[in-house]
Amino acid sequence: MLTYVYRITKYDHAHRDAQGRYTGPEDSVSDHGEVEASYLQAVAAFAADTGIDHLAVREPQVPSLAHFGVQPAVDGFGLEGLFPSGLDGFHDGAQVPLGSALELVRVMLRDSGAWCRLEAEGRFAVHVGWDQYLYISSNRPCEEALAVTREHGLFPERLDASPYAFEAEENEQYAQRPADDDFWADLRRAVAAGQAGTLEETYLEGASRWHHLTGDTLDPVRAGLIPRARLAVWPPLSTDIAAVLRTLPAVGLVEGVWQDDKGLIYSAIADEDAFPELTTRMSRARAATLLPVYAGERVPLCTAVMTDEDGVLRARWRTTPTPSDRDWALRPSEGGGSGLRHVHEP
């Protein structure tokens with residue numbers, strides 16, 4: 001927890017009611033101009049006061065089924081040109097220079113679709129909330145930055161904590177399984193036995209890729225995964241397309257997953273209005289399946305989260321443990337002993 005936390009807004013304190021709600025004339029969207037620039041200058045000033053020139057992207061997300069921003073989502077979620085490798089560069093743990101971090105703040109102020117926390121562990125954090133509310137945390141008081149912020153017409157307020165600070169799940173009984181060498185050895189055995197055949201890679205909250213698993217593709221798939229992605233292992237797709245399509249419900253949401261003649265795997269979430277289009281796409285597939293999308297019904301064979309290159313699991317987000325994950329967590333660890341594993345490091 002950082003000591004100095006400030007909420008920074010364009011909303012004059014004189015125009016707040018007894019409950020703290022703003023009642024003045026300022027709009028709740030970005031002006032894409034001088035006021036927006038003042039927000040960015042405030043972030044830059046606090047970063048300079050703290051001695052920060054790089055920030056880490058944490059828990060990035062993009063819209064999936066719906067876009068909840070005040071302004072319409074834009075192509076590429078506002079990230080075009082920010083990362084040399086494209087959207088793949090927008091991942092948990094990605095280190096970005098301050099200039100790029102300021103552009104990410106701009107994207108979030110404009111409700112362009114992408115969102116993330118920007119942090120330097122133990123030193124600095126920037127979180128963007130609804131309605132142009134900006135939260136900056138530092139391990140220093142940043143008096144000069146506060147003065148700069150006021151000079152630019154913004155209103156900083158001291159808080160105890162950012163409402164957007166990451167909170168670990170409470171009362172989580174089971175450790176998060178890392179996608180380490182042991183995980184991939186288990187997965188290789190499951191693929192050889194015909195139990196596993198597809199891998200779902202959630203590389204952003206709201207965005208996933210699918211991979212076909214065979215003994216020959218496991219290593220290339222592993223090498224191509226995005227850092228800190230969440231993984232879910234599923235059974236092989238069915239080649240009986242007609243039987244798969246007969247399981248479409250009358251109403252509701254489902255996710256169709258199918259493989260084309262080139263071996264590529266696609267997915268789409270659809271409701272009853274889109275079932276005809278989904279049926280058309282899947283009817284031409286080599287193999288396919290339908291998966292539930294509702295919590296409690298969507299249970300893969302097992303899950304894991306990608307470790308960093310040094311083998312340490314630093315991603316803070318978690319997967320929902322499956323029965324197989326719980327069995328893994330209770331396995332005896334190396335060196336003997338048993339009980340719950342603790343493998344997560346912030």
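**Val 305 and the chain around it**

Q: Which residues does Val 305 touch, not counting those up to four places away in sequence?
A: This is a predicted model, where local features need pLDDT of at least 70, side-chain atom pairs count only at pLDDT 80 or more, and totals for chains, interfaces and linings use all residues. Residues are numbered from 1 along each chain as its sequence is written, and side-chain values use heavy atoms, with hydrogens and water left out. Taking contact as heavy atoms within 4.5 Å, Val 305 touches Gln 176, Arg 177, Pro 178, Ala 179, Arg 228, Ala 229, Arg 230, Leu 313, Ala 315, Trp 317 and Thr 319.

Q: Is Val 305 buried or exposed?
A: Buried means under 20% relative accessible area, exposed over 50%, and partly exposed in between (1.4 Å probe, protein chains only). Val 305 has 0% relative accessibility, so it counts as buried.

Q: Which strand holds Val 305?
A: Helices (H or I, at least four residues) and strands (E, at least two) are DSSP runs, numbered from the N terminus. The run covering residues 302-306 includes Val 305, and that run is strand E15.

Q: How far apart in space are Val 305 and Ala 125?
A: In sequence, 180 residues separate Val 305 from Ala 125. Going C-alpha to C-alpha, the spacing is 24 Å.

Q: What share of the residues in the protein chain is buried?
A: The protein chain comes to eight helices and 15 strands. It has 346 residues, and the buried share is 46%.
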